[in-house]
Amino acid sequence: MEHVDHILIVDDDREIRELVGNYLKKNGLRVSLAADGRQMRAFLEGNTVDLIVLDIMMPGDDGLRLCRELRVGRHKTTPVLMLTARNEETDRIVGLEMGADDYLSKPFSARELLARINAVLRRARMLPPNLQISESSRLIGFGQWRLDTSARHLLDASDTLIALSGAEYRLLRVFLDHPQRVLSRDQLLNLTQGREADIFDRSIDLLVSRLRQRLRDDAREPMYIKTVRSEGYVFSLPVQLLESPT
């Protein structure tokens, strides 16, 4: 049976929930609705979804708190698209820092939301085209690290597991697919978030900073991700495919 993407909309505005939900259903998606964090948690206890649309401005637990909670739980790899009523850079930056995969400012058109949902889902499922991972070699090795492309987490030299958000995983995969090659912020923004770069958009710099922290990479003298002044970033170490443990 063909898979139908399941979208969970978490928004305290009933009219927005229902209007958006009906539009997404008419466009072939399966939709569930939650009015707040409590309903979201209860639903996710017994259900899986392909993407969560999460409003930032909600009473009680706001969207930022809920996104942070999702990123440390069993839904840590589920894509999150955040909605904000204020078109402020701070909201977008904080949301991305918490692990959101994309954002959309209110008011928005349901058509744009659908387009962003589809783009996030495509990116979440996309493997880089020129690095083929087989069942027998799903591990990518670099420096003292291994990336498990099936479970989407890092393993250090002592086999300690480091969880990655969806955005962190995609950025690392882009770097590993293009090692020792300078990638501009525009290229990284498009490859990881599917949007044209904004001169004021700091999301890639923040995402690189988060990924460096995961890799325990010193930002002042990085070993893995180096900054190339006026150009972008380069993943400086060679990459190899490894045999997965049987």
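Start by colouring the chain by pLDDT: this is a predicted model, with a mean pLDDT of 83 for the protein chain and 85% of its residues at 70 or more. Select strand β1 (residues 6-10), where confidence is highest at a mean of 97, and then helix α4 (residues 89-97), where confidence is lowest at 66. Next, pick residues 127-137: pLDDT stays under 50 there, and the model has 24 contacts beyond four places in sequence for this stretch. Where pLDDT is low, the predicted coordinates should not be read in detail.

**Stop 1: the aromatic cluster**

Now select Phe142, Phe175, Tyr224 and Phe235, which form one aromatic cluster. The structure has four aromatic pairs. Zoom in on Phe142 and Tyr224: their ring centres are 6.0 Å apart and their planes stand at 90 degrees, so this pair is edge-to-face. It links distant parts of the chain, with Phe142 in strand β6 (residues 139-142) and Tyr224 in the loop between α8 (203-214) and β11 (225-228), 82 residues apart.

Phe235 sits in strand β12 (residues 232-235) and Tyr224 in the loop between α8 and β11, so the pair ties together parts eleven residues apart in sequence.

**Stop 2: the salt bridges**

There are 16 salt bridges to explore. Begin with Arg14 and Glu18, whose side chains meet at 3.0 Å, N to O. Both belong to helix α1 (residues 14-26), and being four residues apart they are separated by about one helical turn. Arg14 is exposed, at 56% relative accessibility, whereas Glu18 is partly exposed at 36%.

Move on to Arg41 and Asp61, a salt bridge whose closest N and O atoms are 2.5 Å apart. Arg41 is in helix α2 (residues 37-46) and Asp61 in the loop between β3 (51-55) and α3 (63-70), so the pair joins parts 20 residues apart in sequence. Arg41 is partly exposed at 30%, and Asp61 is partly exposed at 26%.

Finish at Asp159 and Arg146, a salt bridge with its closest N and O atoms 2.3 Å apart. Asp159 lies in the loop between β8 (153-155) and β9 (161-163), and Arg146 in strand β7 (residues 145-148), 13 residues apart. Arg146 is partly exposed, with a relative accessible area of 22%.

Methods:
Residues are numbered from 1 along each chain as its sequence is written. This is a predicted model: local features need pLDDT of at least 70, side-chain atom pairs count only at pLDDT 80 or more; totals for chains, interfaces and linings use all residues. Side-chain values use heavy atoms; hydrogens and water are left out. Rings of Phe, Tyr and Trp (its six-membered ring) pair if their centres lie within 6.5 Å; planes under 30 degrees apart count as stacked, over 60 as edge-to-face and the rest as tilted. Helices (H or I, at least four residues) and strands (E, at least two) are DSSP runs, numbered from the N terminus. pLDDT is the predictor's confidence in each residue, from 0 to 100. Contact means heavy atoms within 4.5 Å. A salt bridge is a side-chain nitrogen of Lys or Arg within 4 Å of a carboxyl oxygen of Asp or Glu. Buried means under 20% relative accessible area, exposed over 50%, partly exposed in between (1.4 Å probe, protein chains only).
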